[in-house]
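I opened this notebook to record, entry by entry, what I looked up in one protein chain. The entries follow the order in which I consulted the structure.

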Amino acid sequence: MAITQRTSSDKDRELPPTEPTSYEPKRTLTFWKLCALTFASVAGGPYGFEEAVGAGGPYLTLIGLLAVPFMWAIPNALMTAELATMMPENGGHILWVDRAFGPFWSFQNSYSTLFATIFEGGLYPVMLLDYLNEFFHIHLSTPMRIAAGVSVIAAVTLLNIRGTDVVGSASVWFTIASLGPFILIILLGISQFDPVRTIEAVPHTPYFNKFIIILLWSTSGFDMVGACAGEVEDPGKTFPVALGFSIGLTLLIDISSLAIGMSVVKDYPHWTDGTFMDVAEALGGQSLMTIFALGAAISVVGLLCTLLCSSSRIVYGMAMVGTLPKVFATTSLTYGTPWVAILLNALLMTCVLFLPFSALAEAEMWFYCFSTIMKFAALCKLRVTMADRDRPYEIPMDVQHLRWYCAIPMLLCLLVISLADWKTHVVGVIGMVFAGACYYVSVYVKGHSGSLINFEVLDE
């Protein structure tokens, strides 16, 4: 296997191979581990989805859940399957966008992804504490909440440094524990399902901005597992099947549990985080409510664990292509994990723990959608510029139809960005200006943009 280093200039130039400083990532993610990692990355169950019911009502919620897979989740999964199997290396869409559009947009995509994962990483400890507050009826002070959040992040950081095989194995148990309460709700509540009563009430004034943002947020994340492609066993076969299985399981659990929950607790305008515990109590008393609270806690920890796993590979990819210092691509000689990138992500996540849930979710989706537009654009571009590259999985469309297909999720991204609060727009613009400044500083230091990005391609 020969290693060729390439740049993002108009003509690739051959460079001598560099000396390796650490071991290559180990391909230890099997089919079931990747399924669990994907499911945990996307949702881990419909936790946090309750506010969509309160914002849009049962009718819009069910319609959204039926429509969003075809307009959002499935396109994201297919895009990930094609590009991750074409470039089965850690770094995911950081490498895809760089290869498609060059260094400037690589910087923009890299930093927007980094900012999105920071806000999302702070969101999960906040969600965990909200569920525990609802169950125990206690209200921790801000310092106590931050201390608890830091403890959770520290625990999952240690787990991630041990390796993706450990995270993958843990994700299997996280998935089982988080799905258990919803399976019980479905089994106990199926006899009470009332489809006519469920869809007859719609709030007089739906909050479309909150509804759409939460709906898309709850079904996002399929592309994040592409960042771990370098550690997937037989990615050409494993990725497409695992992504398809995860989508089916996610939709089945979400639609079934929400439909039954809305048949049991019918005060739809007041649905908010923790309402599923009211559903559990109505169906199974205090015992099921306790089981659900434990499942919610485990699910949130699992979501944070898998987010840190995938987002640290994004930082690794940024360092590999040159948008961050090379030190962040350092991997552990013992576990093969990018431990410096993991520590950086964990530290940044702790810095936003003081923000409320809604602000974190909106900021995360702003940056995520900005990056997702570039991912789908890269998919279309690479179909033309790298047409001869081997693709173990390829979306069964020609280039023209692929562009029309990608236009749908790209328009949804623009819609989410346009619905954001003005404060979120300010944060987003500051983040993009910062990314642009980093690009021009790097150009100034290195003297030419053509030598700015180093893209390592393994030519077998």
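Entry 1. I began with Arg-383, which counts as buried at 7% relative accessibility. I took buried to mean under 20% relative accessible area, exposed over 50%, and partly exposed in between (1.4 Å probe, protein chains only). The model is predicted: local features need pLDDT of at least 70, side-chain atom pairs count only at pLDDT 80 or more, and totals for chains, interfaces and linings use all residues. Residues are numbered from 1 along each chain as its sequence is written, and side-chain values use heavy atoms, with hydrogens and water left out.

I then asked which residue forms a salt bridge with Arg-383. The partner is Glu-394, and the closest N and O atoms of the pair are 3.8 Å apart. A salt bridge here is a side-chain nitrogen of Lys or Arg within 4 Å of a carboxyl oxygen of Asp or Glu. Arg-383 is in helix α12 and Glu-394 is in the loop between α12 and α13, so the pair ties together parts that are 11 residues apart in sequence. Helices (H or I, at least four residues) and strands (E, at least two) are DSSP runs, numbered from the N terminus.

Entry 2. I next looked up Glu-82, which forms a salt bridge with Arg-391, the closest N and O atoms lying 3.2 Å apart. Glu-82 belongs to helix α2 and Arg-391 to the loop between α12 (357-385) and α13 (399-419), so this pair ties together parts 309 residues apart in sequence. Glu-82 is buried, with a relative accessible area of 0%. Arg-391 also counts as buried, at 10% relative accessibility. Salt bridges that share partners join Glu-82, Arg-383, Arg-391 and Glu-394 into one network.

Entry 3. How many salt bridges does the rule give? The count comes to four. One of them joins the side chains of Glu-51 and Lys-210, at 3.8 Å from N to O. Glu-51 is in helix α2 and Lys-210 in helix α8 (residues 208-218), and the two are 159 residues apart.

**Entry 4. Gly-64 in α2.** I stayed with helix α2 (residues 50-86), where Gly-64 is found. Gly-64 counts as buried because its relative accessibility is 9%. Leaving aside residues up to four places away in sequence, Gly-64 touches Pro-69 and Leu-215; contact means heavy atoms within 4.5 Å. The C-alpha atoms of Gly-64 and Leu-216 are 9.3 Å apart, although 152 residues separate the two in sequence.

**Entry 5. α5 against α11.** Two packed helices are described by the angle between their axes and the distance between the axes. For α5 and helix α11 (residues 339-350) I noted an angle of about 170° and axes 10 Å apart. That makes α5 roughly antiparallel to α11. The axes are lines fitted to C-alpha atoms, for helices over the stretch in contact, and angles run from 0 to 180 degrees between N-to-C directions. Angles under 35 degrees count as roughly parallel, over 145 as roughly antiparallel, 65 to 115 as roughly perpendicular and the rest as oblique.

Residues of α5 that meet α11 include Val-150, Ile-153 and Thr-157, and their counterparts in α11 include Trp-339, Ile-342 and Met-349. I examined Thr-157, which is buried at a relative accessible area of 7%. Not counting residues up to four places away in sequence, Thr-157 touches Leu-308, Ile-342, Leu-343 and Ala-346. Its C-alpha atom is 8.7 Å from that of Cys-309, 152 residues away along the chain.

**Entry 6. Helix α3.** Eight of the nine residues of α3 (residues 93-101) are buried. Among them are His-93, Trp-96, Asp-98 and Arg-99. Gly-102 follows α3 and has a positive phi, near 90°.

**Entry 7. The whole chain.** Finally I noted that the protein chain has 14 helices and two strands. Of its 460 residues, 58% are buried.
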